[in-house]
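I opened my notebook to look up a few things in this structure. Here are my entries, in the order I made them.

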Amino acid sequence: MKINTVLGTILTSLVLGFAPAHSAALKGNFEKPTAAPAATVYGSTLPPAGYVAFCGRGEDECKFTGGTNERVALTNANWAEINKVNHYVNTKIRPATDQELYGMADYWTYPVDAGDCEDFVLLKKRYFEQLGYNPDQLLITVVLDENGDGHAVMTIPTDKGDLVLDNRRQDILRWNETGYIFLKRQSQAASNIWVSLQKGPSQTVSSNLFVSTKGN
C-alpha cells in the first residue's frame, strides 16, 4: 500500500469522524493552562543519527521554511483532530524494530503497516501537516522511558501545555505527566536545529537511540 493511499484513508476517516468517543471535547485539566507548560531548553545539541540519515535522503520533512515560537491554541475542534490522528496511527501501524523490518539497528522512515517509535512520529507529523498544522509545532522529541530506554514521541506546544503523542498509549498527556525523562527535541523556532532538555551533559542513550526488542 502506497503512502498516498494511507493518507487518503486517514483524511476520509477524519471527515467521517473516526475517533475515540472521549476525544470530542477538552477534559479536566486540559481546560486550563498549566504552571509547567514545557520542559526547559538548555541550548542546541546534536540531532539523532537516524534523523540526519533520514534528512540526507531528501525527505520533505527536512525542507525547512523558518520557524515560530507560537503555541497552538487548543480548542475542542483541534483537540478532537489531534486525538483522531494519534489514535489512527497507533492502531493502524504495527510496532516493529528496524532490525526486524530493514535488517539494521536504526532507520527512520514513514511506515506503511509497521514501524518503530520515530516512524510513528514521522507519520503523525505528515498527517497533521496535510491537515494544515504548522510543522514547527510538531516536534520530534527524544526521551528516556520508565526503563531508561531511548524512545521517540511527538511534542505539540499548546496554550494548555506541551502535549505528548506516544505510540505506546492512546491517551494524550502533558509532557510532565508522562513519567519520561526528556532529553532533546527539534527547536520550534528552527526545526532543523535540535535543543537539549537536559542541564549539563545529556544523559547517555545508545548510539542507535531506539533499539528495542519490543519495537518501541
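**Aromatic rings.** I started with a cluster: Tyr-51, Trp-108 and Trp-194 form one aromatic cluster. My pairing rule takes rings of Phe, Tyr and Trp (the six-membered ring for Trp) with centres within 6.5 Å; planes under 30 degrees apart are stacked, over 60 edge-to-face, and the rest tilted. I noted that this is a predicted model, where local features need pLDDT of at least 70 and side-chain atom pairs count only at pLDDT 80 or more, while totals for chains, interfaces and linings use all residues. I also noted that residues are numbered from 1 along each chain as its sequence is written, and that side-chain values use heavy atoms, with hydrogens and water left out.

How many aromatic pairs does the structure hold? I found seven. I looked up Trp-175 and Phe-182: the ring centres are 5.7 Å apart and the planes stand at 85°, so I logged the pair as edge-to-face. Trp-175 and Phe-182 are both buried (buried is under 20% relative accessible area, exposed over 50%, partly exposed in between, with a 1.4 Å probe and protein chains only).

**A charge on a ring.** Next I checked Arg-126, whose charged end sits over the ring of Tyr-110, 3.7 Å from the ring centre. The rule asks for NZ of Lys or CZ of Arg within 6 Å of the ring centre and within 35 degrees of the ring normal.

**Cysteines.** With a cut-off of 2.5 Å between cysteine sulfur atoms, I counted one disulfide. Cys-55 and Cys-62 form it, with sulfur atoms 2.0 Å apart. The torsion about their S-S bond is about -75°, so this disulfide is left-handed. Cys-55 is partly exposed at 22% relative accessible area, whereas Cys-62 counts as buried at 14%. I looked up Cys-117 too, and it is buried at 0%.

Last, I traced an open sheet of seven strands in the order 1-9-8-4-5-6-7, with antiparallel pairing. Strands (E, at least two residues) and helices (H or I, at least four) are DSSP runs numbered from the N terminus, and two strands pair if DSSP finds at least two bridges between them. Which strands lie at the edges? They are strand 1 (44-45) and strand 7 (173-174), each pairing on one side only. Between strand 5 (residues 150-158) and strand 6 (residues 161-165) I found five bridges, in the antiparallel sense. I followed Pro-157 to its bridge partner in strand 6, Asp-162.
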